[in-house]
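Subject: Structure handover

Hello,

I am passing on the structure we spoke about. Please have it open while you read the notes below it.

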Amino acid sequence: DWTGKLKGLLGKHVDSVPTRLLKGQREAYIAAFENPVDTNSWRAEHIGKWLETACNSMNYSGGEKLRTAVDGVADRLIRLQQPDGWLGSYAPAYRFQNYDWKNSTGKKYEPFWDGPFYDLWCHYLTMGGLIRCYETTGNRQALDAAQRIANLLIATFGNGKQDLMLINHDHGFGPGVGVLPVSKLYLLTGDGRYRDFCRY
């Protein structure tokens, strides 16, 4: 007798998600974007996770408060995005499009966190949240923001440009995760540049 709602222990925990999302941690997550000074951090990964989870929870349980919070977070992120598409927590010299990744060739993966390697990773998660926001709410500006990030990736990495796999984050897993949001952009927009980047 499926009602569209989970029951038991799992249902109890899923039902608690909207309350947890609204408790205010999003303020701490987005603060990293408002004062971008990082040189080695993954603080900026969290707001994308929050946004994607909030959209999924809103689909499942509804609620005006959650919709208001989703709209607010998306709007703030969009306003913080730089003209070139960058949207993160790193200081200018350490941003993925400004960093000379060729200097990473002699570095080892131990410790794998030794360097500004998470800026790109955080962008992937932010893209995922913005894309899910578009899919859930129809917010075209959120999709446009995700595309601007992808366009910056394409301008920075590829044949004859910087080598994405020189970002020594988790032995290539970190930079490779970009295939997920960028392929989704291809499916949503049909823009062949995103398909070609995924093939690269």
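Predicted model: local features only at pLDDT ≥ 70, side-chain atom pairs only at ≥ 80, totals over all residues.

Helix 5 and helix 6

Two packed helices are described by the angle between their axes and the distance between the axes. Helix 5 covers residues 118-137 and helix 6 covers residues 140-156.

The contact is made on the helix 5 side by Leu120, His123, Tyr124, Thr126, Met127, Leu130, Ile131, Cys133 and Tyr134. On the helix 6 side, the residues are Arg140, Ala142, Leu143, Ala145, Ala146, Ile149, Ala150 and Leu153. Sorted by class, the contact of helix 5 with helix 6 has 14 nonpolar residues, two polar ones and one charged one.

Helix 6 and helix 8

Helix 6 also packs against helix 8, which spans residues 179-189. Here the angle is about 125 degrees and the axes are 11 Å apart. That makes helix 6 oblique to helix 8. The crossing of helix 6 and helix 8 is left-handed. From helix 6, the contact uses Leu143, Ala146, Gln147, Ala150 and Leu153; from helix 8, it uses Val182, Leu185, Leu188 and Thr189. By class, seven of these residues are nonpolar and two are polar, with no charged residues.

The aromatic cluster

How many aromatic pairs does a search of the whole structure find? It finds six. In one of them, the ring centres of Tyr99 and Trp101 are 4.5 Å apart and the planes stand at 55 degrees, so this pair is tilted. Tyr99 has a relative accessibility of 15% and counts as buried. Trp101 also counts as buried, at 0%.

Trp101 forms another tilted pair with Phe117, with 5.8 Å from centre to centre and 40 degrees between the planes. Trp101 and Phe117 are 16 residues apart, and each lies in the loop between helix 4 (64-80) and helix 5. Phe117 is buried, as is Trp101. Tyr99, Trp101 and Phe117 together form one aromatic cluster.

Arg132

Arg132 sits in helix 5. Is this residue buried or exposed? Arg132 is buried, because its relative accessible area is 19% and the cut-off for buried is under 20%. The C-alpha atoms of Arg132 and Glu52 are separated by 5.7 Å, although the two residues are 80 residues apart along the chain. Leaving aside residues up to four places away in sequence, Arg132 touches Glu52, Cys55, Asn56 and Asn59.

Ser61

Ser61 belongs to helix 3, which covers residues 46-61. Its relative accessible area is 37%, so Ser61 is partly exposed. Which residues does Ser61 touch, not counting those up to four places away in sequence? They are Lys5 and Pro18. Pro18 is 43 residues from Ser61 along the chain, and the C-alpha atoms of the two are separated by 8.2 Å.

Regards

Key
Residues numbered from 1 in each chain as written. Heavy atoms only, no water. Axes fitted to C-alpha atoms, helices over the stretch in contact; angles between N-to-C directions. Helix = DSSP H or I, 4+ residues; strand = E, 2+ residues; numbered from the N terminus. Contact = heavy atoms within 4.5 Å. Nonpolar A, V, L, I, M, F, W, Y, C, P; charged D, E, K, R; others polar. Buried < 20%, exposed > 50% of the residue type's maximum accessible area, 1.4 Å probe, protein only. Phe/Tyr/Trp six-rings, centres within 6.5 Å; stacked < 30°, edge-to-face > 60°. Parallel < 35°, antiparallel > 145°, perpendicular 65-115°, else oblique. Left-handed = near helix turned anticlockwise from the far one by under 90°.
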